[in-house]
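Here is my note for a colleague who is opening this structure for the first time. Please read the points in order, with the model on screen.

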Amino acid sequence: MEKNIIPICFAIDDAYTPFLAVALQSLIDNASKEYNYCIKVLHTNVKEEHMKQIKKYENEYVNIEFVDLNKQLEDIKEKLYTRNYFSNTTYYRLFIPELYPEYKKAIYIDSDTICLTDIANLYNIDMENNLIAGVPDGAIQAIDVFKDYVERVVGVSDYNNYFNAGIIVMNLEELRKYKFQDKFIYMLGKVRFEVAQDQDYMNRLCKGRVKLLDFSWNRMPIMGKQSGDINIIHYNLGAKPWYFDDVLYQEYFWKYAEKTDFYNEIKEIGEKYTEADKEKD
């Protein structure tokens, strides 16, 4: 009997390859052998040597493919803009529904994550006819000015319904029917959201058709200690364990980092991060 395929998309540039390795290590260590995990690494300009290091994670139930998105970005480059720690990789997920017409659903997950459970459990959540399944954004929940922003500017009726786009299940079938990519590109040319960029667009476009999941699927250190299960940790915004020594849940990151070929490189990246960099963060 053929195993069910679980498509999982990451998006990186070359500098983020070490952190992708840690995320993959945790995902694969906790994966079941009952599925085929098809991992698509959406990228521009990742070094050949780095690709080879990541491809080592392949086994009989994990397949890894690097997907170059230079052409897609070239087509819309006039409309793209970024700020602070965002890079153009933040826009890659908008292409997923049209890139993979053979898939009905896919997981998109950021590379600053650690999986502590089988990611198939996230994929198998019933989405009904919703476009996206995701978790309310913990940073928005914590800061009043952001609550105001997502309701008044982004246009989400209740800030509790604004999801974090770093870990989502995408209903590719419904997103294609909705012409999501065309709408996204059109909106990029018309409206400029300044805070969370592509995440703001996704929330605006998908509002009313989002299945909200509990915080166990996107537990952010910036939210502080919370009770309940932790399925996926998301070291988003400034909560990077490789830069800071006091990040909540950092022990999970280092547990998996130590198993990768990039452990020493990650340590060096942290050592080069100056006090001025930390202050700026």
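**Notes on the predicted model**

1. Gly 208 follows H10, and its phi is positive, near 90 degrees. Keep in mind that this is a predicted model.

2. Now step back into the helix itself. H10 spans residues 198-206. It is mostly covered, with 8 of its 9 residues buried. The buried ones are Asp 198, Gln 199, Asp 200, Tyr 201, Met 202, Asn 203, Leu 205 and Cys 206.

3. What do the buried residues of H10 pack against? The partners include three strands by name: E6 (132-136), E7 (163-171) and E8 (210-212). Helices H7 (144-154), H8 (172-177) and H9 are partners as well.

4. Arg 204 also sits in H10. Is it buried, partly exposed or exposed? Its relative accessibility is 33%, so Arg 204 counts as partly exposed. For scale, take Tyr 252, which is 48 residues from Arg 204 along the chain. The C-alpha atoms of the two are separated by 33 Å.

5. Next, the aromatic rings. The whole structure holds 15 aromatic pairs. One of them joins Phe 184 and Tyr 201, a tilted pair at 5.6 Å centre to centre, with 35 degrees between the planes. Phe 184 belongs to helix H9 (residues 180-190) and Tyr 201 to H10, so the pair ties together parts 17 residues apart in sequence. Phe 184 and Tyr 201 are both buried.

6. Another pair is formed by Tyr 235 and Phe 253. This one is edge-to-face, with 6.0 Å between centres and 80 degrees between the planes. Tyr 235 lies in the loop between strand E9 (232-234) and H11, while Phe 253 lies in H11, so this pair ties together parts 18 residues apart in sequence. Tyr 235 and Phe 253 are both buried.

7. Tyr 235 and Phe 253 also belong to a cluster linked by ring pairs.

8. Turn to the nonpolar cores. The largest has 56 residues. Which of them touch the most other members? They are Ile 8, Tyr 37, Leu 122 and Phe 253. Helix H1 (residues 17-29) supplies the largest share of this core, 8 residues.

9. Look closely at Leu 122. Neighbours within four places in sequence aside, Leu 122 is in contact with Ile 107, Ile 167, Val 169, Leu 213, Trp 217 and Ile 232. There is also a second, separate core of 33 residues. Among its members are Leu 69, Leu 94, Leu 175 and Tyr 201.

10. Last, the second largest pocket. Its volume is about 190 Å³. Helices H11 (250-257) and H12 (263-271) are the elements that give two or more residues to the lining. H12 gives the most, with 4 residues.

11. The lining of this pocket consists of Pro 241, Trp 242, Tyr 243, Phe 244, Asp 245, Gln 250, Trp 254, Ile 266, Lys 267, Gly 270, Glu 271 and Lys 278. By type, the lining residues divide into 6 nonpolar, 2 polar and 4 charged.

Key: Residues are numbered from 1 along each chain as its sequence is written. This is a predicted model: local features need pLDDT of at least 70, side-chain atom pairs count only at pLDDT 80 or more; totals for chains, interfaces and linings use all residues. Side-chain values use heavy atoms; hydrogens and water are left out. On a 1 Å grid over the protein atoms alone, a cavity is a set of points where a 1.4 Å probe fits but cannot get out, and a pocket is an open set with protein on both sides within 12 Å along at least five of seven lines; lining residues have an atom within 4 Å of a point. Grid points are joined across faces, edges and corners, and a volume is the space filled by probe spheres set on the points. Ala, Val, Leu, Ile, Met, Phe, Trp, Tyr, Cys and Pro count as nonpolar, Asp, Glu, Lys and Arg as charged, and the others, Gly among them, as polar. A nonpolar core is a set of buried Ala, Val, Leu, Ile, Met, Phe, Trp, Tyr and Cys residues joined through side-chain atoms within 4.5 Å. Buried means under 20% relative accessible area, exposed over 50%, partly exposed in between (1.4 Å probe, protein chains only). Contact means heavy atoms within 4.5 Å. Rings of Phe, Tyr and Trp (its six-membered ring) pair if their centres lie within 6.5 Å; planes under 30 degrees apart count as stacked, over 60 as edge-to-face and the rest as tilted.
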